[in-house]
Amino acid sequence: MPDFRDTSALKLENIRKTFGRVDALSSINLEVSAGEFLTILGPSGSGKTTLLRLIAGFVTPDSGHLAIFGKDMTMASAGKREIGMVFQHYALFPHLTVLENVMFPLEMRKHSRREAADKASAALAAVRLVSFGDRYPNQLSGGQQQRVALARAVVFQPKLLLLDEPFSALDRRLRESMQREVKQLQASLNLTTIFITHDQEEALVMSDRIAIIDRGTIQQLGTPNEIYYHPQSITVAKFIGESNILEGIETPEGLRTPSGMLLRRASPSTSGRVLVRPEAIRISREPFTNGATNQFKGTIANRTFIGGFTIYQVDVHGGDTLTVRCLADEETMFKASEEVHLSIRESDCRAVLPDAKEARA
Amino acid sequence: MNLRFPAIKAEASSLALVSPALMLLGLLFFYPILLLFFTTLEGENIGNYAKVISSGTSMQVFLNTLRIALIVTVVDLLLAYPLAVYISRLSPGAKALAFFLVLIPLWTSQLVRTYAWMVLLGRNGPINNTLIWLGILDAPIRLANSEFAVVAGMTHILLPYMLLPIYNSVSKIDNSLFEAARGMGAGAFSTFTRVLMPLSIQGVLAGVSLVLVLSLGVFIMPALLGGGRVPVIALLIEQQAGSFLNWAMAGTLSAVLMVIVIITFFIINLAARMFVRGRIDVAST
């Protein structure tokens, strides 16, 4: 038997799942502590939905163990796991009123109708929908339906809350307010939450920790800061945020790219790859006098204005092209084919490892 | 879809669209029914109706017809509901095959199917032979020419009419609703009574009314598989019209049957109003 004495809210050990000949998940290890907000972030087809369905109990693993608060639940049915779930399209019962929808999990737990109605009303009050109890789901807006689904998922005080891309159908403004609302509710109930998304921004905003999943394995697990500033692989670096990844030969001074750029780093590495975030590059018409060791001259190839920011593609003399992102300023905006100076701090040139699969090959 | 012609008002244009069908129905359906009704009143005024209602035999035949129709409907419902759920979960290829198998009986002549049943249930038919070969029976038993044969044949022929409407509503239910129910602790029984049934009740009622009404008027099966032992109203009507040439009585029986059918529809509609609540527009959620 695996050791579940330490009671993390959720513990996955060596979980493996294949569909036919495809490895949907391989050797997943994950521990979530009580009250934590963990995001599973990955592109479509990465295995994140399988992982969620496996935690929820709709899929059983081929091997490995799953425990919820120290209790082995690997083979337990979905209903026995005490997990509240918000489905991607909410899965509200169209033939039941909002109140009846929220009462459903309580009635399945043999609460009296009276008690169920009281608790459901309280849950609806928590999502500010108490006066909507008599309506039917399709008389509500998308955001309201979402809040009903949330109330239904938390009304029976589940041990875990699972959110399956719940904001994907909402427009941007509504999504941001729903993100805040979910986060507040989660914090006030101190509810351990697993959130599935393919939206990196959403992951960074909401999570205590993020697990990046790709090709059925967890690529990196860490806080949003760790994931963003210290990605352990190219996959992670490319998936979170914009990135310039430069390859070259390691020399005693730093990394030299085939075109001759020399990037000096704060800490030496032998990875042969350097990651520079676009916002870490300073751009100016004048040469920098800040003493930065990484200084380059280049030509603006392309400018994209996106409101608060401007993104430039800069051809560095010699061959490499860097993406630079800076705060937009109407007066000093650079024009195409203008000559500019770039500067990058040594500490912003981070070594990244090639992907595990590449390294093995 | 809303067909609208710019120059014509919506109501007028839709009336124009249905008028050919209405005229056809009027000429070939309502007019004969009206004729039939007048036939029943010939000579006797409403005496024929009094005769039918006061006659123990014909009322018994009506009750028998109703009983057989109910049995067939219930058996078809019990067969079709799980089958509809099963088919709705098949892969697209398997689904097409299943529909092909379901629809073959509909495309085959009722007479052919009835004769097939006569062969199957015959004294030396495959069913009797198998039962004897297995040692369950010593001698062949009478399967054909019985109520069992009539019910079996009608159940078979009418199954698609039950299956298709139920499948239609079951297949529209979002699968995540069942997962949500399971995840919230609903067992198989609760999932059925609280989710599957309320969301497919319209299809069920449509199937029930189709099969019930069709089996009230069925003629070929009782005539060929009943062997004269299964009195149903259609046989009685045929007898009055064909053997006794009593058109007025045949018409009266038909009119009473029609009233029974209308009452059946009315009851099912009432049931629909009781069961179907909310806005069950599954596709839009």
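Which domains does the domain assignment of chain B give? Domain 1 covers residues 15-45 and domain 2 covers residues 46-284; such bounds come from an automatic or database domain assignment. The structure is a predicted model, in which local features need pLDDT of at least 70 and side-chain atom pairs count only at pLDDT 80 or more, while totals for chains, interfaces and linings use all residues. Residues are numbered from 1 along each chain as its sequence is written, and chains are lettered from A and ligands numbered from 1 in the order in which they are written.

The centres of domain 1 and domain 2 of chain B, taken over C-alpha atoms, are separated by 28 Å. Nine residues from domain 1 of chain B and nine residues from domain 2 of chain B take part in the contact, two residues being in contact if their C-beta atoms, placed from the backbone, lie within 7 Å. On the domain 1 side, three of these residues are nonpolar, four polar and two charged. Here Ala, Val, Leu, Ile, Met, Phe, Trp, Tyr, Cys and Pro count as nonpolar, Asp, Glu, Lys and Arg as charged, and the others, Gly among them, as polar.

Chain B contains twelve helices and zero strands. Helices (H or I, at least four residues) and strands (E, at least two) are DSSP runs, numbered from the N terminus. The C-alpha trace of chain B spans about 75 × 65 × 30 Å along its principal axes. Of its 285 residues, 30% count as buried; a residue is buried if 20 or more other C-beta atoms lie within 10 Å of its own, exposed if 12 or fewer, and partly exposed in between, with C-beta atoms placed from the backbone. Among contacts in chain B between residues at least 6 apart in sequence, 76% join residues at least 24 apart.

Helix 5 of chain B (residues 110-121) has twelve residues. From first C-alpha to last, this helix reaches 16 Å, close to the 16 Å expected at 1.5 Å a residue, where the expected span is 1.5 Å times one less than the number of residues. Its buried residues are Thr114(B), Trp117(B) and Leu121(B). They lie on the same side of helix 5 of chain B because they cover an arc of only 55° around the axis, the arc being that of the directions from the helix axis to the C-beta atoms. These buried residues pack against helix 6 (126-133), helix 7 (147-170) and helix 10 (220-225) of chain B. The face turned away from the buried side carries the exposed residues Leu111(B), Val112(B) and Val119(B).

Between the chains, 22 residues of chain B are in contact with 21 residues of chain A. Helix 8 (175-183) and helix 9 (188-216) of chain B each supply at least two residues of the chain B side. Helix 8 of chain B gives the most to that side, with six residues. The chain B side divides into nine nonpolar, seven polar and six charged residues.

The largest nonpolar core has 98 residues, of which Val102(A), Ala151(A) and Leu162(A) touch the most other members. A nonpolar core is a set of buried Ala, Val, Leu, Ile, Met, Phe, Trp, Tyr and Cys residues joined through C-beta atoms within 7 Å. Helix 2 (residues 98-108) of chain A provides the largest share of this core, seven residues. Another core, of 48 residues, lies apart from it and includes Phe62(B), Ala80(B), Tyr161(B) and Ile237(B).
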